[in-house]
Amino acid sequence: MAGNPIVECILSRRSIRRYRSTPPPMDIVKIVLQCGIHAPTARHCEPWAIRVVADAAALEKFDGAIVDWMRKTGHAALQFFQNSSQIHVLYHAPLLVVIAGDRGAPLAQVDCILAMENILLAAHSFGIGSCIIASVAEFLKNPAGKEWEKMFQIPKSHEPVIATVLGYSDQEEWPTAVRDGAKIVFVDGEG
Ligand SMILES: Cc1cc2nc3c(=O)[nH]c(=O)nc-3n(C[C@H](O)[C@H](O)[C@H](O)COP(=O)(O)O)c2cc1C
């Protein structure tokens, strides 16, 4: 689909797991977040609280707290890390975006995830890499992560849904996109 920048952006985005420490310029990050909040929402609730952490020291500490919690609980995701003595769930990325959803909104989780996809794609369109980190929301919802939930100023009315790191890629190789086209089936309604 050469010539269609949106299709090219969608097809070329990949999760990035090595980052440079230099953060992307804040004016670009703000545009990326604006794209997030332009996602559709059920009943136009805009049920999210979006929190951005750009403090490198805080991110290192937060990363350590998640890894400690994962080790203590024997978290299944630990098996994905090759070097088990040096685990960094946030991959040293300079930015973390956490999206929490209003518990009272009808489809807050879906809305938050749509906002996140906009953020990933808008970031990629500016050459900024991303990787969703499942353990962030899981940790924040766990009693072990409650202090951090407060520090990230997530309102009590909201529940952490999804998070991504953002930053410039420091990967030499770009992961390939393998997708199973057979999962798409055109049906005629005759069974
Ligand atoms: C809900 C969700 C949770 C994810 N959690 C993690 C994670 O904790 N750590 C990680 O490295 N990648 C995580 N990923 C990224 C996936 O591994 C990645 O999207 C998948 O392997 C496809 O690769 P691609 O994003 O490069 O196309 C997550 C993706 C999604 C959608």
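## Basis of the model

Because the model is predicted, local features need pLDDT of at least 70 and side-chain atom pairs count only at pLDDT 80 or more, while totals for chains, interfaces and linings use all residues. Residues are numbered from 1 along each chain as its sequence is written.

## Overall fold

The protein contains six helices and four strands, where helices (H or I, at least four residues) and strands (E, at least two) are DSSP runs numbered from the N terminus. Their order along the sequence is α-α-β-α-β-α-β-α-α-β. The radius of gyration, taken over C-alpha atoms, is 18 Å, close to the 16 Å that the globule rule gives for 191 residues, so the protein is as compact as a globular protein of that length; the rule is 2.2 Å times the number of residues to the power 0.38.

The C-alpha trace spans about 50 × 45 × 40 Å along its principal axes. Of the 191 residues, 31% count as buried, a class that requires 20 or more other C-beta atoms within 10 Å of the residue's own, whereas exposed residues have 12 or fewer and partly exposed ones lie in between, with C-beta atoms placed from the backbone. Among contacts between residues at least 6 apart in sequence, 83% join residues at least 24 apart, a contact being two residues whose C-beta atoms, placed from the backbone, lie within 7 Å.

## Surroundings of the ligand

The ligand is surrounded by Arg14, Ser15, Arg17, Cys131, Ile132, Ile133, Ala134, Ser135, Pro175 and Ala177, each counted as near when its C-beta atom, placed from the backbone, lies within 6 Å of the molecule. Strand E3 (129-132) and helix H5 (134-141) are the elements that give two or more residues to this shell.

By class, the shell has six nonpolar, two polar and two charged residues. In this scheme Ala, Val, Leu, Ile, Met, Phe, Trp, Tyr, Cys and Pro count as nonpolar, Asp, Glu, Lys and Arg as charged, and the others, Gly among them, as polar.

## Helix H5 and its packing against H3

The buried residues of H5 are Ser135, Val136, Ala137, Phe139 and Leu140, and what covers them includes H3, E2, helix H6 (146-151) and strand E4 (158-167). The axes of H3 and H5 come within 10 Å and cross at roughly 80 degrees; axes are lines fitted to C-alpha atoms, for helices over the stretch in contact, and angles run from 0 to 180 degrees between N-to-C directions. The two helices, H3 and H5, are therefore roughly perpendicular to each other, since angles of 65 to 115 degrees are classed that way, with those under 35 roughly parallel, those over 145 roughly antiparallel and the rest oblique.

At this crossing, Ile66, Trp69 and Met70 in H3 meet Ser135, Val136 and Phe139 in H5. The contact of H3 with H5 has five nonpolar, one polar and no charged residues.

## Loop residues

Most residues other than glycine have a negative phi. Arg43 has a positive phi of about 55 degrees although it is not a glycine, and His44, also not a glycine, has a positive phi of about 50 degrees. Arg43 is found in the loop between helix H2 (26-36) and strand E1 (48-53), and His44 has its place in the loop between H2 and E1. Arg43 counts as exposed because it has 10 C-beta neighbours inside 10 Å, and His44 is exposed with 8 other C-beta atoms within 10 Å.

Gly74 lies in the loop between helix H3 (56-73) and strand E2 (95-102), where it is exposed because 7 other C-beta atoms lie within 10 Å. Gly74 and Pro106 are 32 residues apart in sequence and 33 Å apart in space, C-alpha to C-alpha.
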